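Hello,

Here is the structure I promised to pass on to you. Have a look at it first, and then read on for what turned up in it.

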Amino acid sequence: MTRAIQIEKTGGPEELKLVDVKVGEPGPGEIRIRHKAVGLNFIDVYHRTGLYPLPLPAGIGGEGAGIVEAVGEGVTHLKPGDRAAYASNQPGSYAEARVMAAKHVCKLPDAIDFETGAAMMLKGLTAQYLLKRTPMGQLQPGDPILFHAAAGGVGLIACQWAKALGYVVIGTAGSEEKCALARAHGAAHMINYNTEDFAARVKEITGGKGVKVVYDSVGKDTWEKSLDCLRPLGLLACFGNSSGPVPPIAPGMLGPKGSLYITRQTLFTHIATRESCQQMADDLFEAVTSGKVKIRIDQRYPLEQVQQAHRDLEARRTTGSTILTL
Ligand SMILES: NC(=O)c1ccc[n+]([C@@H]2O[C@H](COP(=O)([O-])OP(=O)(O)OC[C@H]3O[C@@H](n4cnc5c(N)ncnc54)[C@H](OP(=O)(O)O)[C@@H]3O)[C@@H](O)[C@H]2O)c1
């Protein structure tokens, strides 16, 4: 038996219940991992509220780091005793131990501690695919990009990495403190979108041209104005709904705005195969071990206080990464 967080029905943070669950043996293609730390992500909120429906009762959480205890048939890249970390679309990381598909689990380099591993996999692999696999050749060093929620978990990693790639990061965040934090992590310009018109400011910063790519995880509150930040043929990369989902749109509106592109990306398409997942993880490990990207853990909560962790994340009280400790 092991302690884990489960929901029996969707709803508020109070639905996150600490329960004892049985952890079995790994089947073919699976491993059992004992977590040392667990990562918290906004997708966990969507699972809890039912925005992204799960069969119930359900475990929650898609990020963690720990030690591999057992491997099932056919798993060759891991063995018992390995230090490992993962981002997974199989919820259930809010637990002391779990059985899960091995293909998303990567060996953790010795230079990266467990808490950092748990804080960086889902968010860091997301920054990786957003910056390197999404713009499809559009971005050159020196180009400005707009990244919303730049002081958040994905945001702070993306600011540092984008700067290292030579892009000029224009970020948004909801307070002056958050703007200062993102600036200290590589953003060249920050806009407080609670007090300023971000589209007007982007135009001003870019001399009227706009940016080639906007990365938008805020959704409902920002997507429309995000289109007005783009130069002709620019790309709006939607990847989240922290303020609510983007409503259905009419493609015809993209023509007069400059033949724009819109994409809705998810990490799990990019890490669908073991090979792509490992390739992206190796790139992320290099970015972190070389010091290009520092992983900031600004909040730590014991597993039992997960309800408070969700309250703080939803109330925009967090910055950088958040982990659950065991
Ligand atoms: N599609 C994918 O592959 C993928 C993968 C990972 C994450 N994501 C998405 O990326 C985003 C960031 O994830 P994260 O885990 O790193 O979270 P986070 O950025 O640490 O937290 C979310 C941030 O969004 C901003 N926000 C704006 N409007 C909000 C609202 N109405 N309610 C709550 N927050 C609001 C807040 O920052 P300010 O106070 O500065 O506005 C808040 O701190 C989320 O939307 C998540 O779903 C997508």
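Before we start, one term: two strands count as paired if DSSP finds at least two bridges between them. Please also keep in mind that this is a predicted model.

With that in hand, take strand 1, residues 2–7, which pairs with strand 2 in the antiparallel sense over five bridges. Which residue of strand 2 is the bridge partner of Arg3? It is Asp20.

These two strands belong to an open sheet of three strands, with the order 2-1-4 and antiparallel pairing. Strand 2 (17–21) and strand 4 (58–59) are at the edges and have a single partner strand each, so one side of each is left without a neighbour in the sheet.

The largest pocket has a volume of about 1,000 Å³. It is lined by 46 residues, and the closest to its centre are Phe42, Ile43, Tyr46, Ser217 and Ser242. Among the elements that give two or more residues to this lining are helix 2 (114–132) and helix 3 (153–164), while helix 1 gives the largest share, five residues. By class, the lining has 22 nonpolar, 19 polar and five charged residues.

The second largest pocket has a volume of about 200 Å³. Of its 15 lining residues, Ala4, Val21, Gly92, Ala97 and Arg98 lie nearest its centre. Strand 1 turns up again here: strand 1 and strand 7 (97–101) are the elements that give two or more residues to this lining. Its residues divide into nine nonpolar, four polar and two charged.

Enjoy exploring!

Notes. Residues numbered from 1 in each chain as written. Predicted model: local features only at pLDDT ≥ 70, side-chain atom pairs only at ≥ 80, totals over all residues. Heavy atoms only, no water. Helix = DSSP H or I, 4+ residues; strand = E, 2+ residues; numbered from the N terminus. 1 Å grid on protein atoms, 1.4 Å probe; cavity = no way out; pocket = protein on both sides within 12 Å on 5 of 7 lines; lining within 4 Å. Points joined across faces, edges and corners; volume = space filled by probe spheres on them. Nonpolar A, V, L, I, M, F, W, Y, C, P; charged D, E, K, R; others polar.
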